[in-house]
Amino acid sequence: MQLFMQQLVNGVVLGATYGLVALGYTMVYGIVQLINFAHGEIFMLGGFGALFTYTVLLPSGTPVVLALILMLLGGMAVSVTAAVIMERFAYRPLRGAPRLAPLITALGVSIFLQELVRNFYPAKSPRPFPQLIPPDYLINLGGGVTINAPKLVTVIAAVVGMVALSTFVRSSRTGRAMQATAQDPDTARLMGIDTDRIIVTAFVLGASLAAVSGLSNGLQFGTVDPRMGALTGVKAFTAAVLGGIGNISGAVLGGFLLGIVEVMATQYAPSPLSGGAWANAWGFVVLILVLVFRPNGLLGERVAARA
Amino acid sequence: MTVLEATSVTKRFGGLVAVNDVSLTVSEGEVVGLIGPNGAGKTTFFNCLTGMETPTSGRVTFRGTPLRGRPDLILKAGVARTFQNIRLFPNMTAVENVIVGRHARTSAGVLSAIGRGPRYRREERESEEVARDLLAFVGLGHVRNELAKSLPYGDQRRLEIARALATEPGLLLLDEPTAGMNPNETAAAVSLVKKIQGRGIAVVLIEHDMRFVFGLCDRVAVLVQGEKLLEGTPAEVQSDERVIAAYLGKPPEDAGPKEKKK
């Protein structure tokens, strides 16, 4: 039982990373029906932006809390800048084009960003990431179940991100404009909504949350890698589809579910199919099952429908 | 004072001239009817006025300022519209639909909303009040929190009008406001348009219900095959032979069977 609870906690932690990144997929999809496969790279850039801020911009001896805040802002700045440029120059010219065109463009942008970072840091990858929150600081959750500090931060960030985002979309002026744009972009424009700006806003919000995830990922594992966005991106996309792509709560739910399934399968699957090597396979089995039996995902609506 | 001045507006789609050299002037607080057989280019003309289509040639000014291009900017200038086929945001409530109409008249940005700043809170409160008042104005106060898609057809039309009014227009374009309405609903629509006029808002309406048009409008313009056939008071238009011919077809010179064109 203790083992089970511990694994449940581990699954939730893994799922929090997926969920934060999935929010970006789901929001952009909800508004422009684009699956932005380069979003995983936005997550990766968030990690590298934070690392760059720490190694290049911060004087040594900066207090930890201040350093973390500045690293988060640095990571966000990099992620958001990349997302805005990508939207403006790669996706906007293709608006109204057949869906396959922006999809292939997204794959191209994804590879471009990976190689860009790899060339920027040619020496060694993965790069070490400062362990500002000590990973051996364990918090006891009772019954011998523990979670370390960086992981706890990740989970809190995911939950806060989801609640903040869905409140924002449901009840703010810009959020309502996002819903309106998702439901009927032409009419939204006739209501005085600058839909281009709303689309950029969706990219910016998604990139900010991905940067949070990129930073917390670095803190958890102590490394960042130019390729880390690829798998996390696909997993987060899976999470978004699981929850019902376009649905904000669904993205986080899908993230947690996927994380838990992967961890549990690693532990409890019958012998030749268990262990870390099979975690990804199990994750995608879940995706396939959901697509077969509930193609619209578990919660099934679009952002449009009810944030 | 002139609210809208459209001068020689022409819209071509390839070889088809949908709107040909149409001019229309609307004064402050006036109700103008735009009638004509199906396919005459009435809705295309509306689209040219609201920026949904860019006119091939011609000029549109609103209170003396030229209107060009983007629908969101034209709305901001003060031209709002409703649609022939209702285009509400189906999964929002009635009141939310109207609040979206406030978008151009509010300005709190993302940061202000996240921080719940004082300006954000004031604007939100004002928008909600305006939306409630407008719903009451069009007679939908009781269905405020229903989803737009679950409202009956007539209510949806009125909700579209409330949403358009929320943008604080100087000119309101109504595209077939009584389509699909029963006589009671049509009568209510007449008094609603009069109330809108009473607020000092000019109205241009496309309509096929002639009793509605002639009973309500100060002036009527007739569009036939993309061109303006004539314009005048309801009495003038009603008695013009060309209008009757446009709707029903001319009796042929020789004694053949009458062809109905409508």
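The model is predicted.

Start with the overall build. Chain B holds ten helices and ten strands. Its radius of gyration is 20 Å, close to the 18 Å that the globule rule gives for 262 residues, so chain B is as compact as a globular protein of that length. Along the principal axes, the C-alpha atoms of chain B fill a box of roughly 75 × 40 × 35 Å. Of its 262 residues, 44% count as buried. Consider next the contacts in chain B with a separation of 6 or more: residues 24 or more positions apart account for 67% of them.

Now turn to the sheet. Four strands of chain B form an open sheet, in the order 2-1-4-5. The pairing is antiparallel. Which strands stand at the edges? Strand 2 and strand 5 of chain B do, each with a single partner strand, so one side of each is left without a neighbour in the sheet. In general, strands of a sheet pair through backbone hydrogen bonds, either parallel or antiparallel. Further in, strand 1 (residues 2-13) of chain B runs antiparallel to strand 4 of chain B, and five bridges join them. One facing pair can be picked out by name: Glu5(B) stands opposite Thr61(B), a residue of strand 4 of chain B.

Asp21(B) lies in strand 2 (residues 16-27) of chain B. Its phi is near 55°, a positive value in a residue other than glycine. Arg63(B) sits in the loop between strand 4 (57-62) and strand 5 (65-66) of chain B. The phi of Arg63(B) is near 50°, again positive in a residue other than glycine. With 16 other C-beta atoms within 10 Å, Arg63(B) is partly exposed.

Next, the domains. Chain B is divided into domain 1 (1-78 + 169-262) and domain 2 (88-167). Their C-alpha centres lie 28 Å apart. How many residues does each domain of chain B bring to the contact between them? Domain 1 gives nine and domain 2 gives ten. On the domain 1 side, helix 2 and helix 7 (183-198) of chain B are the elements that give two or more residues. That side divides into six nonpolar residues, one polar and two charged.

Chain B also touches chain A. The contact takes 25 residues from chain B and 21 residues from chain A. On the chain B side, the elements that give two or more residues are helix 2 (71-77), helix 3 (94-101) and helix 4 (110-114). The residues of this side divide into twelve nonpolar, seven polar and six charged.

What surrounds Ala162(B)? Leaving aside neighbours within four places in sequence, Ala162(B) is in contact with Val98(B), Leu134(B), Leu135(B), Phe137(B), Val138(B) and Leu140(B).

Note on methods
Residues numbered from 1 in each chain as written. Chains lettered and ligands numbered in written order. Predicted model: local features only at pLDDT ≥ 70, side-chain atom pairs only at ≥ 80, totals over all residues. Buried ≥ 20, exposed ≤ 12 C-beta atoms within 10 Å, placed from the backbone. Contact = placed C-beta atoms within 7 Å. Nonpolar A, V, L, I, M, F, W, Y, C, P; charged D, E, K, R; others polar. Domains from an automatic or database assignment. Rg over C-alpha atoms; globule rule 2.2 N^0.38 Å. Pairing = 2+ DSSP bridges.
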